[in-house]
Amino acid sequence: MTEGHFTPINGPTNTTMKNTLPFIMLCLALATASNAQSTVPERPSTNALKSASMPTAGDVLTNYVVAIGGIASWEKLKSQIAKGTYENDQMGPGSHALEVYKKAPDKWLFTIRDPDGSVFRQGFNGKVGWNESSELGDEQVALFGRLLGLRSGVDLTRFLPKMKFVGKSKVGNIEAFVIEAAIIEGNPEKLYFDANSGFLIQEDFGGASLHYEDYKEVDGVKVPFTIRQEGSPNWTVKFKEIKHNSPIEDAKFNRPKSP
């Protein structure tokens, strides 16, 4: 498998992101969890949020952080290993084996394996972002760090100055609160949070819509086991197994040496 298999399936469409793989994980902030708040405000009641004509972005985000387990539960996690499948309508029928490794505070790696045994990897070792053929640029590292940070979901509140509540909307049959955000310059987005559960259920940016589904509790936190992109291309990630606090050597996140 070569990087070329993945260049036509980007998330954001601007040219600075054109070589990134559009694999989107649960995590919605730059991966510096050590800067997260150690406490979270009391969660507003669901009824209060639903009846409010203009809840604040802070209220909605606080509701989300509590819904996924709260800061204290996420801070207990030092690593995460997730395994599942990746399907992409531009890569033909069938699924590809997917493995994702995360380690606090900011290391990450994902691996996609074709049925023929070929492999695509992309990672960040805390200093350098890389893929099979080159190093990643600063904006690519920022994007993937935002999406792949171990505790970045609970770190989202750091970006409140760049967010605003814009109203209510429907995602299918679900009533959602909508927040506009400009976390990474040049890539505006909208975040949709289920008004009942508090979960993030959709994210729009770069001409695509990401859907986060099938939240399950693992070790006291809740994560989506299915992530879908509707756009060009359409793709789906389904996790079969997610484990926390398994030992991962730092060397795992280094770029493999060329043969």
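Modeller: Let us begin with rings: those of Phe, Tyr and Trp (for Trp, the six-membered ring) pair if their centres lie within 6.5 Å, and planes under 30 degrees apart count as stacked, those over 60 as edge-to-face and the rest as tilted. This is a predicted model, in which local features need pLDDT of at least 70 and side-chain atom pairs count only at pLDDT 80 or more, while totals for chains, interfaces and linings use all residues. Residues are numbered from 1 along each chain as its sequence is written, and side-chain values use heavy atoms, with hydrogens and water left out.

Biologist: How many aromatic pairs does the structure hold, and which residues do ring pairs link into a cluster?

Modeller: There are 8 aromatic pairs in the structure, and ring pairs bring Trp108, Phe110, Phe124 and Phe144 together in a cluster.

Biologist: Which residue lies over the face of Phe225, and which over that of Tyr101?

Modeller: A charge sits over a ring if NZ of Lys or CZ of Arg is within 6 Å of the ring centre and within 35 degrees of the ring normal. Here Lys216 lies over the face of Phe225, 4.8 Å from the ring centre, and Lys252 takes up such a position over Tyr101, at 4.4 Å.

Biologist: With which residue does Lys216 form a salt bridge?

Modeller: A salt bridge is a side-chain nitrogen of Lys or Arg within 4 Å of a carboxyl oxygen of Asp or Glu, and by this rule the model has 7. The partner of Lys216 is Asp214, with the closest N and O atoms 3.8 Å apart. For exposure, buried means under 20% relative accessible area, exposed over 50%, and partly exposed in between (1.4 Å probe, protein chains only); Lys216 at 38% and Asp214 at 40% are both partly exposed.

Biologist: Where in the strands do Glu213 and Arg228 lie?

Modeller: Helices (H or I, at least four residues) and strands (E, at least two) are DSSP runs, numbered from the N terminus. Glu213 and Arg228 meet in a salt bridge at 2.7 Å, N to O. Glu213 belongs to strand β10 (residues 208-218) and Arg228 to strand β11 (residues 221-230), so the bridge ties together parts that are 15 residues apart in sequence. Glu213 is partly exposed at 28%, as is Arg228 at 23%.

Biologist: In what order do the 12 strands of the open sheet run?

Modeller: Two strands pair if DSSP finds at least two bridges between them. The order is β5-β4-β3-β2-β1-β12-β11-β10-β9-β8-β7-β6, with antiparallel pairing. Strands β5 and β6 (163-171) stand at the edges with a single partner strand each, so one side of each has no neighbour in the sheet. The twist from one strand to the next averages 20 degrees, where axes are lines fitted to C-alpha atoms, for helices over the stretch in contact, and angles run from 0 to 180 degrees between N-to-C directions. Within the sheet, β7 (residues 174-181) and β8 (residues 189-194) are antiparallel partners over 6 bridges, and Ala176 stands opposite Asp194 in β8.

Biologist: Which strands does helix α2 lie across, and which does α4 touch?

Modeller: Contact means heavy atoms within 4.5 Å. Helix α2 (residues 57-67) lies across β6, β7, β8, β9 (200-205) and β11, at about 65 degrees to β6. Helix α4 packs on the sheet and touches β2 (96-103), β3 (107-113), β4, β5, β8 and β9, its direction making about 90 degrees with that of β3.
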